[in-house]
Amino acid sequence: PFPVPQGSQVYFAEQAAALRQAGARVSTLTHADVPRVLAPRRLRAGPSAMKPFADAALTRALLRASRRAAIDAVLAHNAEAALVALAARSMTRIPVIHVAHALWRHELPAYGPPAAHGTLARTGLVLDRFLTRRVDATLALCEAARAALARDARGPLRVIPPGLDPEPAPDDAELHEACARHGLEPASYALYAGNLDRYQELPDLTAAAEQAPDVPFVVVTHDPRGHAPSPLRVITADAPTTRLLTFAAGVCLLPRRIPGGFPIKLLNYIEAGRPVIARAEVADGFTHGESALLLERGDGPEVWAGHVRQLLRDRELADRIGAAGRALLERRHAWPRLAAETLSLVDAIRPA
């Protein structure tokens, strides 16, 4: 992973911290650990010309690390890291756990032109199967990934979602100040917080915003080059400001429809106790009408807009769904339990 404040990278860092807290000795290797001349210059998701060179350097770094200390297993985040770890395993015999952030049969087409979608989907399917058949275990982030990969798994395959340990909520004065800086009223706007890559499906929010012109649809991103079509309003903000605007939102939105991962922004939303509207295929563990309002595959912009209006109008419903989401966070996504499950998976593949 790159050292940037996107969901996958946050998950990587927090998983490492949780495993240390559970008593494990954890070393991390990322593209930040390779020579600068080989490090990719493109910090956004997806393929780039420099990544193969960086991955080769990362393989060397892993081999050096294995000579310095005994390693029980490699937790390889995403496909590139799994390929790196498998290359090193041929020389070190260190078991590899693939932390599957995505199903590439669905995600890879998002990085290419429409004419290439079929080819990219088939390539992604080959990559999914290749990795699942060769790693020693697979850590899936959601049930959709487990179901898709189960047929090819040669070792243990477990669903262990990402975690988030809640921090104290900001006070009302901080929320009002953050909103005032950006011309917003607390609890009056719909918010999407995250990157603006194509796979996030922001055109769905554009269409929904056109159906509800009286409702501010706000996009908060860390990317200073980010833009989104009108009438979406883009705010470039750091992580603390993003958290404040999330806590102050009336409703939080997740338009992404590609199944197979677990969007970390969902955890940020429910930490804030905000009601969530999301696609059912990506909101693993959520229940429609209880912990979120979920859209089915064929639902269009009028459904998005209707749910947004409903939650902004019915504060009792919004608060009830927000509270249920927060309870789900505490029940299902607490890091101490997830770290224990991850270490159990490590124990299951360690050589005797």
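Start with helix 1, where Gln9, Tyr11, Phe12, Gln15, Ala16, Ala18 and Leu19 are buried. Buried here means under 20% relative accessible area, with exposed over 50% and partly exposed in between (1.4 Å probe, protein chains only). Helices (H or I, at least four residues) and strands (E, at least two) are DSSP runs, numbered from the N terminus. Bear in mind that this is a predicted model, in which local features need pLDDT of at least 70 and side-chain atom pairs count only at pLDDT 80 or more, while totals for chains, interfaces and linings use all residues. Residues are numbered from 1 along each chain as its sequence is written, and side-chain values use heavy atoms, with hydrogens and water left out.

Helix 1 runs over residues 7-21. Its 15 residues reach 21 Å from the first C-alpha to the last, close to the 21 Å expected at 1.5 Å a residue; that expected span is 1.5 Å times one less than the number of residues. An α-helix has 3.6 residues a turn, so residues three or four places apart point the same way. What sits over the buried residues of helix 1? The cover includes strand 1 (74-77), strand 2 (96-100), strand 3 (137-140), helix 10 (264-271) and helix 13 (335-349). Just after the helix, glycine 23 takes a positive phi of about 105°.

Glutamine 15, in helix 1, is buried, with a relative accessible area of 4%. Leaving out residues up to four places away in sequence, glutamine 15 touches Leu75, His77, Leu139, Trp335 and Thr342, where a contact means heavy atoms within 4.5 Å. Glutamate 14 also has its place in helix 1, but it is partly exposed, because its relative accessible area is 32%. With the sequence neighbours up to four places away set aside again, glutamate 14 touches Gly163, Leu164 and Trp335. For a sense of distance, glutamate 14 and histidine 176 are 162 residues apart in sequence and 29 Å apart in space, C-alpha to C-alpha.

On a 1 Å grid over the protein atoms alone, a cavity is a set of points where a 1.4 Å probe fits but cannot get out, and a pocket is an open set with protein on both sides within 12 Å along at least five of seven lines; lining residues have an atom within 4 Å of a point. Grid points are joined across faces, edges and corners, and a volume is the space filled by probe spheres set on the points. There is one cavity of 30 Å³ or more, and the largest cavity has a volume of about 30 Å³. Its lining is made of Val10, Tyr11, Glu14, Pro162, Gly163, Leu164, Ile264, Asn268 and Trp335. Helix 1 gives the largest share of that lining, three residues, and helix 1 and helix 10 each supply at least two. By class the lining has six nonpolar, two polar and one charged residues. In this scheme Ala, Val, Leu, Ile, Met, Phe, Trp, Tyr, Cys and Pro count as nonpolar, Asp, Glu, Lys and Arg as charged, and the others, Gly among them, as polar.

Now for a pocket. The second largest pocket has a volume of about 190 Å³ and is lined by His106, Pro109, Ala110, Pro114, His117, Arg198, Tyr199, Glu201, Pro203 and Ile258. These residues divide into six nonpolar, two polar and two charged. Glutamate 201, one of the lining residues, has a positive phi of about 60° although it is not a glycine, and its place is in the loop between strand 5 and helix 8 (202-211). Alanine 187 is another non-glycine residue with a positive phi, near 65°. Alanine 187 lies in the loop between helix 7 (172-181) and strand 5 (190-193), and is partly exposed at 32% relative accessible area.

Apart from neighbours within four places in sequence, valine 251 is in contact with Tyr189, Ala190, Leu191, Pro275, Ile277, Val308, Leu311 and Leu312.

Finally, the cysteines. How many disulfides are there? The count is zero, with a disulfide taken as a pair of cysteine sulfur atoms within 2.5 Å. Cysteine 179 is in no disulfide, and the nearest cysteine sulfur, that of cysteine 252, is 12 Å away. Cysteine 179 counts as buried at 0% relative accessibility, and cysteine 142 counts as buried at 2%.
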